[in-house]
Amino acid sequence: MASAAFSVSSPAASAVAARSKVLGRGVNQGRRRTGCRVGITRKNFGRVMMALAVDVSRFEGVPMAPPDPILGVSEAFKADKNDLKLNLGVGAYRTEELQPYVLNVVKKAEKLMLEKGDNKEYLPIEGLAAFNKATAELLLGADNPVIKQGLVATIQSLSGTGSLRLAAAFMQRYFPEAKVIISSPTWGNHKNIFNDARVPWSEYRYYDPKTVGLDFEGMIADIEAAPEGSFVLLHGCAHNPTGIDPTPEQWEKIADVIQEKKHMPFFDVAYQGFASGSLDEDAFSVRLFVKRGMEVFVAQSYSKNLGLYSERIGAINVVCSAPDVADRVKSQLKRLARPMYSNPPIHGARIVANVVGDPTMFGEWKQEMEEMAGRIKNVRQKLYDSLSAKDQSGKDWSFILRQIGMFSYTGLNKAQSDNMTDKWHVYMTKDGRISLAGLSLAKCDYLADAIIDSFHNVK
């Protein structure tokens, strides 16, 4: 608050001085203090007196939070006026023209909803029943015995983040001594979620910088070394940020170790159908664990595969050992959700339920997913071709082709990533991750030049 210059004459001046003396500071000191207020009052002696009323904000001790490492990238990108700029930070699909994309099947579903005149009444705490049925069947397969036997507790929640947060609150309440182990690296919000839920976590090895691939031996060793009964957070497909997934054979070994150690697998499934283009292929890891009779947590999101980013639509599923256990787990998840957000939004849930529940629209969705996944695969191949053609050092860039999904982990460190932004106007996270969903074929050569320069010339 700016201070206005003023002068006061006696007796008003003496009144100000007297009050300042009581407060233990001079007039100027009072005016310099953040949050102080100058009040003007009229006294019986007919003169105007200037009095200092100290009013310190109750929020004085609240520090400024750092910018979000992912969402902050978009803000910096918007402020850049350079025509060559690229936003490869946020994981959101773009067309070849680098424009946001609303799926045609989503438009069709919304049109039908409007024609039906659906109301906007509150949903139950657990969400839309038709959505919960559709999302569990999509994840596990409609004919999966665990669904038919009533072993799955499903709660609609606020996309992937909300589903993870609800599960973390459940863990903290009913498994207070357990900890979760998380891949190194992992999605930037995972640690925030467990920190806020007061669930202790540690990391298991995942990324091998020497090969820009999976450190499978390190991963297995760390899962084996974790205290018995730990929660193991796994990326169901298209690992974020690396794009490096275990092979089917490696998933079998991971399941072996988790089962032997009596750990609880906790899958984060944010890209089902969006990684390979196949809903069933991308659900392989989850279905493998469930087929073995293991109890499993699974968080789902429809931000990527249906493009419903702002609808905040997802679910937490808990596969249990018996129907009565599933009923109790579901009741406690509802109990936790009630004071957290009361009940979930309806619009996105209806879109998912309508698309999955209608055979024609379901087929159209699968076709659009294949097209989106195919565009990203084409961009991945083109980037590899450009790097291989332009880089004369002999470096092997084939790791890009072995990665899957919308992200590529380039192997660039923070200084090299800074160079990408400062010199080349390529906006990305500081761990070297780029979103291929925000890249076009036409921009691959430019990006290759930026990567080669940053890799070889910045140490």
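Q: What volume does the largest pocket have?
A: In this predicted model, the volume of the largest pocket is about 1,300 Å³.

Q: Which residues are closest to its centre?
A: Ile 70, Leu 71, Val 90, Gly 91 and Trp 187, out of 50 residues that line the largest pocket.

Q: And which elements give two or more residues to the lining?
A: Helix 3 (71-79), strand 3 (86-87), helix 7 (159-174) and helix 8 (188-196).

Q: How does the lining split by class?
A: The lining of the largest pocket has 19 polar, 18 nonpolar and 13 charged residues.

Q: Switching to helix packing. At what angle do helix 4 and helix 14 pack?
A: Helix 4 (residues 104-116) packs against helix 14 (residues 347-357) at about 105°, and their axes are 9 Å apart. Angles of 65 to 115 degrees count as roughly perpendicular, so helix 4 and helix 14 are roughly perpendicular to each other.

Q: Which residues make the contact?
A: Helix 4 contributes Val 105, Val 106, Ala 109, Glu 110 and Met 113. From helix 14 come His 347, Arg 350, Ile 351, Asn 354 and Val 355.

Q: What classes are those?
A: Six residues in the contact of helix 4 with helix 14 are nonpolar, two are polar and two are charged.

Q: Now the whole chain. How many helices and strands?
A: The chain has 18 helices and 15 strands.

Q: What share of the residues is buried?
A: Of the 459 residues in the chain, 50% are buried.

Q: What percentage of the contacts with a separation of 6 or more is between residues 24 or more positions apart?
A: Such residues account for 73% of those contacts in the chain.

Conventions. Residues are numbered from 1 along each chain as its sequence is written. This is a predicted model: local features need pLDDT of at least 70, side-chain atom pairs count only at pLDDT 80 or more; totals for chains, interfaces and linings use all residues. Side-chain values use heavy atoms; hydrogens and water are left out. On a 1 Å grid over the protein atoms alone, a cavity is a set of points where a 1.4 Å probe fits but cannot get out, and a pocket is an open set with protein on both sides within 12 Å along at least five of seven lines; lining residues have an atom within 4 Å of a point. Grid points are joined across faces, edges and corners, and a volume is the space filled by probe spheres set on the points. Helices (H or I, at least four residues) and strands (E, at least two) are DSSP runs, numbered from the N terminus. Ala, Val, Leu, Ile, Met, Phe, Trp, Tyr, Cys and Pro count as nonpolar, Asp, Glu, Lys and Arg as charged, and the others, Gly among them, as polar. Axes are lines fitted to C-alpha atoms, for helices over the stretch in contact, and angles run from 0 to 180 degrees between N-to-C directions. Angles under 35 degrees count as roughly parallel, over 145 as roughly antiparallel, 65 to 115 as roughly perpendicular and the rest as oblique. Contact means heavy atoms within 4.5 Å. Buried means under 20% relative accessible area, exposed over 50%, partly exposed in between (1.4 Å probe, protein chains only).
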